[in-house]
Structure formats: C-alpha cells, structure tokens
Amino acid sequence: MADANSMLDASDLAKISILADAPKGALKAAAKQVQWFSLPGGMALFHPGDHADSIFFMRSGVLGVFRPGPDGNPQFIGHIRSGEPIGEMAFLGGATHSSSIYAMRDSEIISLPRATFDMLIKRHPALMRSLAQLMVMRNRSNRRATSGGRSEPKVFALLATSPTINCLHIAKELSEALKTLGRTSVIVGPEAEDSPSEWFDALEHKHDVVLLYSPVQDTHWFRLCLRQADRLWILARADARPSEPLLPPDRSPARVFRLVDVILLHNQGERAVSDGCDWKRAANAERILHWQNGSKSDAARIARTASGRSVGLVLSGGGARAYAHIGAIRALHEAGIAIDFVGGTSMGAIIAAGLSLGWDDDEMEQNICQAFVHSNPLDDYNLPVIALTKGLKVNRRLKQFFGDTQIENMKVPFFCVSGNLTTGAAAIHRSGSLRTALRASIALPGILPPVVMDGEVHVDGAVANNFPVDVMELFHRGLTIGVDVARQRGLNTSDFVDPPGFFRWALKHGLHEAPPIASLLMRSATVTHGNTDASRQNADVLVLPDISGIELRDWSAYETAAEAGYREMVKVLQDGALERLLPSRPF
C-alpha cells in the first residue's frame with residue numbers, strides 16, 4: 001500500500017457521490033485527516049473479525065465481497081465500485097467486519113477515521129440518511145442484482161480459445177440481445193490497450209455492460225482483459241478438446257477467485273468430442289453456459305445472465321407433493337418466462353433436472369408419470385438393515401430417464417443438493433454424473449439406501465437444505481423464484497394413533513403399500529428447518545401451492561398436485577410480481 005495523503009483535497013472527496021452535497025468547509029477539513037492508499041489487485045482490505053475503526057470509500061477500481069458459502073467455502077457476493085462506501089455497516093454498528101474484501105483490480109481507497117466521520121456528520125447530517133438508504137439498497141441487492149447494487153458484474157472478457165472463434169461477432173450478438181433487454185453495452189477490443197484506468201472506469205459508469213474481447217494469447221491486451229474484467233467468459237468449441245494448460249499463467253483476481261465461466265459453442269450437425277466437464281476443469285470455471293450457433297434464445301439467456309436479468313427457479317423437496325412443481329413450470333411457460341438457472345432438492349431436483357435437459361411440458365408429464373405415478377418406485381421393500389427398500393427400482397428409472405448425462409452438459413445450468421452425513425453439511429452438486437447426484441438427493445434416510453460418493457455418505461438433501469434459495473443466490477445474479485411444497489403438514493395423524501403391529505397392518509394393507517413409517521421418515525426429513533425459513537424470506541418470488549390434502553407418499557395424486565401448482569403460479573403472475581421486479585424485461 002502507498003500512502004499519498006498530500007494528493008487529496010476537498011474536490012477529491014466531493015467526487016464521492018454520497019459526499020457531494022457536504023459543505024465545502026467540512027470537506028476541506030476532512031481532506032486533511034483522511035488517508036489515501038492504493039490496493040493492488042488480489043490484495044485484501046480486511047477480513048471477517050477485523051475491527052471497523054474507519055469507513056472506506058472507493059476512489060477508483062473495483063473491490064470484491066466474499067462470505068462463507070453454504071458449503072463452508074468462501075463465496076463471491078458482489079462488487080463495490082468507484083464512489084461507493086466500504087464496510088459501512090460494521091463501522092456504523094460498532095461491530096467487526098463480517099465479510100472479506102479483496103481488490104479485483106488495482107484500486108485506490110480513501111479511509112475516513114471515526115473522528116473525521118463524526119465531524120462530517122455534525123456538519124452534514126444528511127450523510128447519515130444517505131448511508132442508511134444505501135445500506136437498505138445493498139441488503140436487497142445482495143440477493144437481487146436487478147436492483148442495480150453491488151452484486152452485479154459489469155465488465156466481461158470474451159476470450160476465444162480457437163482462431164476459428166470470432167469473438168467480435170459473438171460480442172455483437174450479445175450486444176444486440178442486451179439492447180432488446182433495454183440494457184446499454186459497449187464492445188472494446190485491442191485498440192484500447194493503452195487507455196488509462198480512468199477511461200475504463202468511465203465506460204463502466206456510462207454503460208450497463210462492458211464487453212472486452214481477445215483471443216487467448218500471451219499479449220498485453222489479453223492480460224489487460226484478465227485484470228480489467230469482473231468475469232471471464234472463455235469461448236470454447238464443443239467439437240474440440242481443451243489444451244492443457246488452457247490459459248497462460250496469470251494471477252489476475254478473476255482467475256484467483258474463480259470468477260470464470262465457459263461458453264461452449266455448438267454448431268448444427270457437428271459432433272461434440274469433449275464434455276463440458278473437460279472445459280470446466282481446464283478453465284477452472286464455475287459454470288458452463290451452452291450456446292447453439294444461430295440460437296437467439298441462447299444469446300438471450302447469456303445476455304440476461306450478463307445484465308442481471310436472469311431468472312433462477314428453485315424447487316423444494318416434498319415427495320409426491322413435488323408434482324405441484326410441474327404445474328408451476330407449465331404456468332411459467334405459458335406466460336413466456338424462460339428459466340435461465342434451475343436447482344432443487346429431492347423430488348424437486350428430479351423435476352428441475354428434466355427442465356434443465358429441455359423437456360417440454362408434455363414430455364415432463366409423460367416421464368414423471370411413467371417413473372412415479374403409474375407404478376411406485378419405492379415398493380421393493382426388504383427387511384431393513386439400512387433402509388426399507390432396496391432402491392433398485394429407483395436406480396433403474398434414473399438410468400432410464402437420465403442415462404449417463406453429465407451436469408456440465410445440461411442445457412440450462414443446474415444444481416441439486418444432498419446431505420453429506422460424513423461432514424454434516426449440505427453437498428451442492430454442480431458437476432459430474434447427473435444420475436448419481438439425483439440418487440443422492442432423493443435418498444430419504446431409512447427409505448432409500450444412502451449413496452457413497454468419494455468415501456462420504458450422502459442422503460436426501462432435505463435433511464440439510466430442502467429449499468436451496470441460498471445456493472441459487474450464489475449461482476446467478478438475477479431474480480430467484482422459489483416453489484416450496486413442504487411447508488404444510490403432510491401426515492395422516494390417524495396412522496399414529498394406537499398403531500397396529502407390522503403383521504396386523506400387512507394383513508389389512510398388503511405388502512405393496514408402504515407402512516406409515518415411510519411417511520414419518522419422509523416428513524422428518526422435509527420438516528421446516530431454520531435455513532428453510534430464511535430461504536422463503538430470501539426468494540424474490542415465493543410460490544406456496546395449496547397441497548395440504550396430499551400426503552408425501554401419495555404417488556397417485558399427480559393431477560391434484562400439478563393443478564395446485566399451476567393455479568398458485570398463475571395467481572402470482574397475475575399479481576404482477578415478476579414485472580415489478582424486472583420491469584424492463586420483455587416477458
């Protein structure tokens with residue numbers, strides 16, 4: 001860090017929007033006491049637990065906010081840009097910082113000690129009101145990039161891995177798609193390699209999205225793109241294999257913090273020779289986005305992702321009640337609302353996977369009915385050692401409908417959740433075998449045998465996170481719709497009043513119907529946890545179908561549940577919730 005106090009004056013502080021209206025005399029006095037320093041890209045400003053003795057303001061550059069994620073690893077939350085305050089909540093609350101802040105590119109920081117800040121507040125009381133308003137906006141924007149807050153990346157570097165990829169043409173297609181969304185963009189190429197950082201800052205302030213483009217090669221412009229971008233988009237061909245290493249060695253913050261996606265380009269009629277997982281591994285990428293050449297819908301999806309206008313759908317677990325998700329999806333399709341990211345838990349994960357693979361409404365209904373409605377996949381009972389069923393029928397049906405699909409190759413980015421009993425935490429599946437991930441996500445303890453993955457025991461995700469809105473929040477920066485079917489009670493209480501013994505129950509009901517212990521175990525897994533309550537509050541749009549009359553194991557109740565989901569989603573859409581949250585997006 002380099003101290004440069006003497007270089008600041010009142011005019012420097014006035015350039016910070018929240019201080020612009022302060023009396024000149026107060027700014028002049030404050031300028032004598034503030035500290036100015038540079039923070040090189042990749043270095044930390046502070047960490048969780050550090051004392052908040054000063055409030056900071058961005059003079060130039062970009063910072064990144066990181067917090068512990070659902071899996072315990074640091075997760076990127078969003079950006080702080082020039083003119084914005086940093087660490088204001090801990091500073092005003094007299095608490096320690098709860099996040100880590102790193103420079104995402106070379107940045108300049110202004111630090112106001114508490115005594116200086118108190119002086120400004122006395123002479124300019126409106127400053128406290130402005131800070132309060134900003135904190136409210138940031139609290140919302142941490143969950144929804146569409147509010148225009150710090151969560152939204154703005155600068156994307158399109159990096160072509162092959163000379164046959166015309167990244168300028170792709171940038172122009174994205175720019176046109178962004179224009180349709182009402183978002184402004186600018187395309188920047190090698191001609192800007194000698195431009196100062198202030199020029200790039202001005203582009204960010206003027207446009208909603210900045211698209212840098214470069215071939216992957218060891219040049220000054222390519223390395224500048226790595227340092228300047230909020231997110232790297234590696235353009236790759238599905239009919240080619242990645243080289244190892246894919247990118248030249250570099251310690252740019254976007255690569256260090258894995259703010260990297262692969263856009264896998266597909267040409268009609270060309271055979272894919274590599275999996276998305278190959279490119280994801282080679283690029284150390286977080287997500288794989290697929291783009292079929294000439295597909296306007298794929299271009300629109302990626303443009304929505306770039307502009308914070310993407311829609312993520314989260315589907316909870318809930319046994320047979322999850323059929324309601326199918327009706328809710330049908331209502332979204334009828335309204336012309338495209339889903340850009342999808343995830344779920346347990347039966348919600350099964351339906352989310354079908355949506356991610358591109359099943360239309362008829363195909364979804366046909367496949368789910370064949371797998372679950374027409375015959376019960378959970379009736380291969382045995383004397384329990386680790387579960388009531390053998391799980392062989394479930395395994396065969398997962399193989400039938402999902403085959404050997406890898407999650408990285410799915411049309412719509414997907415995740416599902418299982419409970420890792422070895423670590424005691426939720427496991428988030430965003431790569432690898434879809435069938436294995438789904439089998440783990442639906443492995444209700446005591447009903448289906450658990451799944452062992454990498455030496456660790458996984459069970460139904462409802463045990464750890466039945467409504468993973470928090471995972472979706474870290475998966476994309478747009479609007480999150482959550483459909484929760486586990487809120488209402490799902491047990492027949494009469495089953496548990498003076499219950500009969502096993503043989504008396506079997507004589508009455510036969511051996512092909514699950515005894516009440518199955519419902520008891522299912523409800524125990526899906527009962528409301530604290531994180532589920534928080535997820536309901538954090539969903540931008542919460543849909544709660546009325547399925548109170550459907551038991552968790554009532555696999556024949558397809559039509560009733562699906563209709564309930566459809567009705568509730570239609571009601572939400574008629575209330576105009578999505579239009580209010582994404583007013584500029586054409587639905």
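These notes cover strand β17 and its partners, then a separate four-stranded sheet.

1. The model is predicted: local features need pLDDT of at least 70, side-chain atom pairs count only at pLDDT 80 or more, and totals for chains, interfaces and linings use all residues. Residues are numbered from 1 along each chain as its sequence is written, and side-chain values use heavy atoms, with hydrogens and water left out.

2. Strand β17 covers residues 414-420, and seven of the seven are buried, so the strand is largely enclosed by the rest of the structure. Buried means under 20% relative accessible area with a 1.4 Å probe, protein chains only; strands are DSSP runs (E, at least two residues) numbered from the N terminus. Phe414, Cys416, Ser418 and Asn420 point one way, and Phe415, Val417 and Gly419 point the other. In a regular strand the side chains alternate between the two faces of the sheet.

3. Strands count as paired if DSSP finds at least two bridges between them. β17 pairs in the parallel sense with β16 (residues 341-345) over four bridges; Phe414 is the bridge partner of Val342. With β20 (residues 456-460) the pairing is antiparallel over three bridges, and Gly419 has Val459 as its bridge partner.

4. β17 and β18 (residues 425-429) run antiparallel, joined by five bridges, with Cys416 partnered by His429. Their hairpin has four residues between the strands, and Gly424 takes a positive phi near 75°.

5. Elsewhere, an open sheet of four strands has the order β1-β8-β3-β6, with antiparallel pairing. Its edge strands, β1 (35-39) and β6 (85-86), each pair on one side only. Two bridges join β3 (residues 54-60) to β6, and Phe56 stands opposite Ile86.

How values were computed:
Buried < 20%, exposed > 50% of the residue type's maximum accessible area, 1.4 Å probe, protein only.
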